[in-house]
Amino acid sequence: MTENIVPADRLLVTVAPTGAETAKESCPQLPTTPEEIAETAASCEAAGAAMIHIHVRDADHRPTLDLALLREWVAAVRESSSLVVQLSTGGSVHDPLDQRLRVLDAQPDSCSLTMGTTNFGDDVFSNPWPFVCELYQLSQEREVVPEFELFDLGQVHALSRLLDKYGPPYGGRVHCDLVMGVPGGMNGTTDALVAAVRDLPAATTSWSATGIGRSTLAVALASLSKGGHLRVGMEDVLTLAKGVPVEHNRQLVERVVAIGTLAQRTPMSTAEARTFLGIR
């Protein structure tokens, strides 16, 4: 771990408000327009989030990697908030690799970088090794800070291989997100989280965890107990409890901020998050 440049009690809360899987028709409250994402960003920042993980939708509310729309959404978030803007380079499971590389042309502060291919329900989330290496080198060249998304222990080990070959990321900090509970990835359990954290590369400076669906709360509690950080949002879960739908991403941020308070963790400000992650 690097020197403690942000107080040790700080909690990085990332909100992932949209994702690429849920249809607007089945979830009208999902933010799928620039106006909705701008309002979501401002509201979630006020609730305690410091970073936003964005999947973009087109005028028909369908996932897209259209560069003009990517830039429009980035601008909308920056106009309404001071959140660290992280663009997904995963897109949807159907997006071609070359389009996913062009996401960095939208000049986000950060990008997701998934460390391997994963069975994703009935689909395959393709991240072949040459693509991972190309995307990582591109992030270094463009001065975009990657967040390494890890869906299983094999991807934890692959991160060591990547860092050994290409050196540290831009900004010098290695921040990971354990994505847990995806059908095809590691379980959303405390045992799985402990195993993944145990095997993180020595160069890792910080990590967060994301629990998909029913594992949301279990993963959040496990992450806090291990000193980790949190990602929440309607990309990952659509209910607050059985039969209780999420009406706004703010509710999910507020819930983990409240849980974090019980664990004596204070939400990180956006300025602290930029320092913590090595954002320019």
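Analyst: On a 1 Å grid over the protein atoms alone, a cavity is a set of points where a 1.4 Å probe fits but cannot get out; lining residues have an atom within 4 Å of a point. Grid points are joined across faces, edges and corners, and a volume is the space filled by probe spheres set on the points. This is a predicted model, where local features need pLDDT of at least 70 and side-chain atom pairs 80 or more, while totals for chains, interfaces and linings use all residues. Numbering starts from 1 along each chain as its sequence is written, and side-chain values use heavy atoms, without hydrogens or water.

User: What volume does the largest pocket have?

Analyst: A pocket is an open set with protein on both sides within 12 Å along at least five of seven lines. The largest one here has about 460 Å³. It is lined by 25 residues, and those closest to its centre are Glu-21, Phe-120, Val-182, Ile-212 and Glu-235.

User: In which order do the strands close into a barrel?

Analyst: Strands of a sheet pair through backbone hydrogen bonds, either parallel or antiparallel. Strands (E, at least two residues) and helices (H or I, at least four) are DSSP runs, numbered from the N terminus, and two strands pair if DSSP finds at least two bridges between them. Here 8 strands form the barrel as S2-S3-S4-S5-S8-S9-S10-S11, with parallel pairing. Take S8 (residues 145-150) and S9 (residues 175-180): 4 bridges join them, and Phe-148 has Cys-176 in S9 as its bridge partner.

User: Which helices lie across these strands?

Analyst: Angles run from 0 to 180 degrees between N-to-C directions, with axes fitted to C-alpha atoms, for helices over the stretch in contact; contact means heavy atoms within 4.5 Å. H4 (residues 129-142) lies across S5 (110-114) and S8, at about 160° to S5. H6 (residues 190-199) covers S9 and S10 (206-211), at about 155° to S9.

User: At what angle do H1 and H2 pack?

Analyst: H1 (residues 34-47) and H2 (residues 67-80) pack at about 35°, their axes 8 Å apart. Pro-34, Ile-37, Ala-38, Ala-41 and Ala-42 of H1 meet Glu-72, Trp-73, Ala-76, Val-77 and Ser-80 of H2.
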